[in-house]
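Here's a quick tour of this model, with an eye on its aromatic rings. Have a look at the fold before reading on.

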Amino acid sequence: MNVRASNDESSARTPHGWRDALLAVLTGVLAMVVTAALGLWAAGAAGLPGGAFPAVVAAVVVMAAGGSVGLSGDAGSLVGTQADLSVLPLSVTLVGALLVARGFLRPLHHRAVAGGRELTGWAGRVAALWLVALIVLSLIARHTFTLSAEDLTGSGAGDLLGSDPKIGFRAEIPLTLVFGLLWLAGVLVLALIVSRRAPLPARLLRFQEAVRPAAYAMVVLLLACVALGVLAGIIVMITRGHPAETAAVILLGLPNLVWLALTLGLGASWEGKVEGPFGLPMPQVLDTVLRTPDLSTLNLGTLAEQDGRVRWLVVVVAVLVLAAAFLMAARSPARTRLWQHAVHMAVALTLTVLFICLTARISAHYGLSLLGLGDLGGGLGGEVSLHPKGWTALGFAVLWGLVTGFLGGLAATRVHRRGEVVDPGPGPGSGSGPGSGSDV
């Protein structure tokens with residue numbers, strides 16, 4: 001009888017899930033739109049011709065949600081255009097992910113177990129509304145700019161181009177829906193893994209003691225890096241000026257920089273190149289290292305050649321990673337052994353570095369070519385690229401994870417943790433019965 005009443009109550013709650021799903025999606029999308037709009041406004045994009053600002057904002061949100069935005073151009077019959085852009089504005093991504101995850105988890109709190117069918121149905125409602133939002137944004141994210149051939153090339157090449165060249169962008173809806181859905185699935189799964197109060201299906205409960213503390217520690221580590229980046233950005237605005245440019249970096253690509261710095265502090269190397277009028281929204285020392293004729297290597301050594309203070313990054317990263325390892329161990333059951341802490345930390349940190357390597361890479365190129373025979377030059381083209389040396393980065397992550405996981409577990413033995421039995425000492429009612437345990 002009680003089981004039937006519980007099922008009836010669950011069925012009665014199901015129709016109202018659409019309202020909660022709509023609130024979760026709207027909150028996340030609106031936050032992403034506002035963040036992107038403020039960042040682009042600070043970067044000076046509000047003055048784009050032809051009323052392009054809303055389309056550019058929508059394109060940035062589409063890219064932040066994992067979608068695809070294609071570039072195109074038309075410079076006449078003799079002159080062709082080549083353009084590509086692959087970058088995630090991770091500030092916008094992070095804001096959306098946090099709010100969508102919070103909205104997804106809110107109806108699930110204060111419950112120990114949830115059925116797989118219930119979680120799938122709830123996630124499906126969120127996904128359906130998320131796809132609708134992506135379609136709307138993709139339809140808005142398209143615009144074409146008409147440029148002046150004389151301003152671009154000078155009088156000689158301007159005659160060659162004939163009519164004024166056009167460049168534009170548009171969201172690729174099928175790819176956007178596919179990758180946007182994968183983005184959402186990753187956010188929802190990670191939210192279930194990280195949150196201690198989120199219910200799991202009964203068959204997965206045995207994994208939560210090993211997975212949830214490590215996942216939570218990695219999320220805290222990434223957010224701590226962002227918080228330090230915001231603090232550094234505020235200090236830069238106060239001491240060095242350029243408030244608009246700094247605000248644009250914070251609102252659009254701050255995690256791109258601080259998570260890159262995290263991997264560099266672990267010992268990873270990246271390869272990149274900056275040429276032409278374009279550049280990366282990053283400190284001058286990084287731009288100097290990458291602005292060379294050939295592909296450049298970006299690591300602590302090459303950065304220290306420009307500014308020796310960069311070596312302090314190792315100390316900062318060591319403190320952050322060790323603190324994350326301690327947090328993971330403190331949230332783990334007391335019976336977890338030191339070697340298990342080390343393995344859990346190594347796996348978690350390796351997956352985190354892999355995530356950074358996949359999301360922080362940048363590739364952008366634009367150029368004009370004559371009959372397909374390469375760039376015309378004269379400031380018409382540019383290239384920006386930044387890619388990790390993946391195996392090196394993952395190898396260092398494993399080593400750091402093993403060492404800091406062991407040390408964090410050792411430090412956590414001095415604090416009370418879940419599953420430890422507290423001995424109240426001699427006296428009436430003392431003992432080691434079931435009532436003497438504590439689950440923090």
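The protein chain has an accessible surface of about 22300 Å², and 66% of that belongs to carbon and sulfur atoms (areas by the Shrake-Rupley method with a 1.4 Å probe; for residues, only the protein chains shown count as cover). This is a predicted model, so to speak for local features pLDDT must be at least 70, and side-chain atom pairs count only at pLDDT 80 or more, while totals for chains, interfaces and linings use all residues. Residues are numbered from 1 along each chain as its sequence is written, and side-chain values use heavy atoms, with hydrogens and water left out.

Of the chain's 440 residues, 41% count as buried, meaning under 20% relative accessible area with a 1.4 Å probe, protein chains only.

Now the rings. The structure holds 3 aromatic pairs (Phe, Tyr or Trp rings, the six-membered one for Trp, with centres within 6.5 Å; stacked means planes under 30 degrees apart).

F104 sits in helix α4 (residues 90–105) and W122 in helix α5 (residues 116–140), 18 residues apart; both are buried. W130 is in helix α5 and W183 in helix α8 (residues 173–194), so this pair ties together parts 53 residues apart in sequence. W130 and W183 are buried too. Helices here are DSSP runs (H or I, at least four residues), numbered from the N terminus.

Definitions and conventions. Rings of Phe, Tyr and Trp (its six-membered ring) pair if their centres lie within 6.5 Å; planes under 30 degrees apart count as stacked, over 60 as edge-to-face and the rest as tilted. Helices (H or I, at least four residues) and strands (E, at least two) are DSSP runs, numbered from the N terminus. Buried means under 20% relative accessible area, exposed over 50%, partly exposed in between (1.4 Å probe, protein chains only).
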